[in-house]
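Please view the sequence and the structure first, then read on.

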Amino acid sequence: MAHRIVLVCVGLVFGGTLAAQQRAIAGKVTGSLDGKAIAGASVAVVGTARLAATNGSGEYTVLAPAGPVTLSVRAVGYKRKVLNVSGEQTTADVVLEADIFNLDAIVVTGQATGVEQRNLANAVTTVRAEDLNRAPTGTLEGALQGKIPGALIQENSGAPGGGVQINLRGVSTINASVDPLIVVDGIIISNDAIGNNLNAITAAAAGGNASNQDNPVNRIADLNPADIDKIEVLKGASAASIYGAQAANGVIIISTRRGQAGAPQFRMTQRLGESHVIHVLKSRVFRDSVEADSVYGTKAQTYCRPTCPYFDNISPLWDRHPLSSETDLSVSGGSDQTRYFVSGLVKRDGGIAPGTGYDKQAARVNLDQQLGSRWTLNFQTQAIHSLSHRGISNNDNSGTSPYLVFPLTPSFVDLRPTGSRISDYPVNPFERSNPLQTYAFLRNDEDVWRILATATLGWQPVATDRQTLRFTFTGGLDNFTQRNDIFSPPELQFEPNDGQPGTVVLGKTQNTNVNALGNAVYTLTPASRAYRATTSLGVQYFDKSLNFTNLVGRNLPPGQINIDQATSIAVNQDLQPIRDLAIFGQEEVLGLDERLLLTVGARGERTSRNGNVKRFFLYPKAAASYRFPALGGSAGDELKLRAAWGQTGNQPNFGNKFTPSATGTIGGLFGSSAGFTAGAANIRPERQTELEGGADATLANGRLNVNLTGYTRTVSDLILVQTPAPSSGRAASVFNGGRLRGRGIEVAAGYVVTQTPTVSWLVHATFTKTTSKVLALPVPAFQVGGFGTSLGAFQVEVGKSATQIVGNDSLGNVVQVGDGTPDFQLSLANDLTYGRLGLSFLWDWKHGGDVINLTELLFDLFRNSEDWATGGRQRRALFFKGETQPYVQDASYLKLREATLSYHLPASAVHQMFGDRVRNATVSLSGRNLIRITKFRGIDPEVSNFGNQAIARNIDVAPFPPSRSIFFSIDLDF
């Protein structure tokens with residue numbers, strides 16, 4: 001250690017004075033397959049801080065010291081190349097081979113460090129920009145489906161504007177946070193899903209489950225996929241432990257695009273398309289008054305005389321397909337000293353139901369500035385505005401959500417309007433609302449403005465062939481305001497039912513995340529070059545301030561939408577200030593001719609969410625990998641064995657350590673009292689410990705790549721809720737206890753069928769299997785989610801799967817009737833290029849995993865299901881015998897997630913159509929969710945009435961139907 005400190009000091013004193021005469025080395029970087037120039041390649045002079053990037057023509061110029069030097073050339077999607085340049089040589093052209101499996105790509109291993117994929121000791125998945133943008137998607141999460149082994153990415157509903165859960169490696173908690181940590185350009189951003197209080201209309205929480213059922217949107221939906229360069233997904237505790245107590249659910253690291261030196265390069269993408277509903281549930285067709293009278297009594301005789309008319313009131317509600325559009329424009333350029341990337345987005349997704357849709361506008365500026373030979377300044381900023389119109393869906397107790405109304409409404413009733421006024425819609429005589437009227441006039445809007453800004457200052461005081469020392473200082477801001485406006489006019493059929501016609505809801509949320517991060521990275525390579533040791537130390541500060549205010553006004557005069565015009569006003573506010581402080585360190589040693597990688601590290605973290613705000617909790621990690629190159633004598637084949645161990649945490653929910661107070665009046669006197677849930681003054685983070693092992697192989701002379709990973713992890717100190725003795729005066733109390741185990745297997749494979757200058761065919765596949773088991777509980781078995789065992793509920797029980805679904809049998813016993821976890825997931829992707837034609841598609845298969853289908857139950861209960869004669873009658877009979885099983889259904893599916901057919905126009909056609917200004921043009925036809933195959937009898941097997949959940953996801957109660965989309969696109973480079 002003393003030797004290394006001396007070397008650092010010598011470098012600091014003399015590092016800038018030892019360089020003698022300098023010279024310029026110029027050249028061009030091209031690809032080996034097609035000979036085309038590679039823009040954005042980095043050319044570094046090994047042992048110095050000198051670095052250059054190729055321009056749009058693949059050309060570079062880099063300053064180097066006199067005498068022989070070594071150049072290291074990298075480019076995304078290509079293998080790294082190292083070449084020696086003699087002292088007399090002033091030009092050096094470089095030809096790079098395609099790195100199809102990204103083995104030479106640098107993958108993150110710490111807050112400021114990374115290694116090549118071929119040496120990585122953890123299972124980290126990288127999704128490249130071209131894989132994200134093959135087919136248009138409503139929000140970013142949809143572009144990730146089927147592309148990450150170990151990830152289950154599912155929509156909560158089909159409402160426009162997002163609402164998707166990303167689950168990495170199965171169940172990792174019961175009551176704590178369920179979403180992965182999102183890091184964009186080095187800063188932690190918010191992925192909160194903030195409810196809009198649609199409950200003020202639906203009264204959903206007033207029934208059998210008081211949880212939020214408002215179908216909220218998680219804020220990762222704000223990001224523009226076209227701005228992203230790559231996404232790295234840290235799934236295991238060893239890889240994610242450097243992020244501490246926010247990383248139990250994994251970490252998603254997003255890097256945005258950067259500028260390339262050279263003349264300005266413009267790119268424009270224009271997309272036009274539309275969406276169509278995939279599937280809806282329909283009502284029963286009644287033949288005559290006899291059938292109708294058996295269900296609705298003499299009330300049906302008004303409509304059936306004696307035959308019953310048929311009106312499809314359901315399909316028209318979801319049958320809109322207005323034009324959707326997306327315009328992306330970006331420009332990149334600069335010099336060796338200054339590089340920039342600027343982009344803009346205007347997006348409009350038309351909704352499939354009246355009054356629904358999603359609009360987004362975004363602008364980004366990324367700037368990279370070289371400040372002399374040793375200082376750099378990077379700046380990234382983005383402004384985002386989105387406006388979503390989400391309609392009304394999910395559970396309700398007020399007769400307002402369409403799929404809670406249609407089961408009670410016979411198909412012989414015509415709900416269509418006779419005009420455009422609200423009074424032109426007929427009254428529904430069989431239920432409290434007319435869904436066609438509700439969707440035409442009820443407004444449910446979410447307006448979001450967001451700013452993301454990051455600045456990173458880098459200083460490299462030492463850069464020699466034996467050692468480097470680099471400091472980075474990052475500051476970042478994530479600020480968004482979310483406004484929710486819900487207006488239910490007093491003239492709507494259901495509004496007078498509560499005696500206060502007319503409801504308006506105004507929600508305002510202000511959230512600010514402040515990040516500050518400092519890193520020091522020292523790299524030592526001894527003269528023998530037997531190894532390279534990288535030491536990193538850092539400190540991180542995170543401050544989050546969330547202020548949520550929601551106002552509800554009832555009893556509005558006609559024509560008024562302002563809350564102050566209501567005669568009854570209720571106000572709710574929630575403040576959540578959070579502060580985290582962490583220090584971390586890591587040591588990596590790469591040796592034995594870059595075959596062996598050893599990593600150890602630890603993070604100490606404290607947070608204001610803990611009971612003891614001054615205590616630092618330690619999260620260590622260790623990992624190792626060893627490569628066997630030239631496997632079987634083939635230079636392109638190799639095998640790598642790897643193992644990793646680590647710990648992460650899951651912070652307590654805000655307020656778990658407090659016992660909230662309640663205010664009210666008794667006998668006309670105002671006062672306060674302790675709340676019904678007792679906090680825990682000693683609450684601490686959940687702790688996850690994981691052991692991961694795997695093997696990565698490149699075979700068939702580099703044409704086949706296989707990654708196999710197995711893991712086992714245990715989560716202890718679970719955050720639980722128990723029912724204390726009645727004498728305590730509390731209905732519940734929060735505490736730490738219990739243990740949960742998760743295990744899984746992940747496989748990723750890729751095969752190059754052929755690759756020539758004319759034909760390229762690449763096949764990718766992923767496989768995932770996860771299981772969970774509750775190992776210990778200090779309380780009796782309990783239910784988390786659902787509406788009681790008669791309808792199916794998720795039950796946490798020692799010795800059982802954490803996602804087991806229990807229900808009643810015909811004898812009244814509570815038994816397991818299903819499980820929400822899939823048996824396995826499998827995806828298959830193909831990328832085929834033939835000349836100027838391109839074809840890509842992705843199939844996503846989920847086998848197993850059950851859903852509680854309460855929407856079908858409602859149709860059956862009221863004898864109004866479309867298959868009443870052939871299935872509904874029998875299901876209802878079993879249910880009335882006490883059996884839950886008929887409505888806990890296999891939710892397996894096979895979906896064509898995306899498909900794209902593209903054509904790269906010849907130069908002559910480009911010139912004829914666009915003139916000399918456009919260099920390249922590509923037209924494409926693409927679709928998302930074009931094919932769905934499933935035996936699930938609900939609207940869609942991807943559903944969650946309660947939004948993002950650790951366990952109780954798969955509950956279907958009147959969701960918004962999903963849609964498929966088809967787009968025509970044109971991409972222009974100029």
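## A buried ring and its partner

Phe412 is buried, with a relative accessible area of 1%, where buried means under 20% relative accessible area with a 1.4 Å probe and protein chains only. This is a predicted model, in which local features need pLDDT of at least 70 and side-chain atom pairs count only at pLDDT 80 or more, while totals for chains, interfaces and linings use all residues. Residues are numbered from 1 along each chain as its sequence is written, and side-chain values use heavy atoms, with hydrogens and water left out.

## Aromatic pairs

Rings of Phe, Tyr and Trp (for Trp, its six-membered ring) pair if their centres lie within 6.5 Å, and planes under 30 degrees apart count as stacked, over 60 as edge-to-face and the rest as tilted. By this rule there are 22 aromatic pairs. The rings of Phe286 and Tyr296 have centres 5.7 Å apart and planes at 65°, so this pair is edge-to-face. Both Phe286 and Tyr296 are buried, and Tyr296 has a relative accessible area of 15%.

The rings of Tyr296 and Phe412 also form a pair, with centres 5.7 Å apart and planes at 90°, so this pair is edge-to-face. Elsewhere, ring pairs link Trp318, Tyr403, Phe406, Tyr439, Phe859 and Phe960 into a cluster.

## Charges over rings

A charge sits over a ring if NZ of Lys or CZ of Arg is within 6 Å of the ring centre and within 35 degrees of the ring normal. The charged end of Arg169 sits over the ring of Tyr711, 4.3 Å from its centre, and Lys299 lies over the face of Phe430, at 4.6 Å from the ring centre.

Terms used. Buried means under 20% relative accessible area, exposed over 50%, partly exposed in between (1.4 Å probe, protein chains only).
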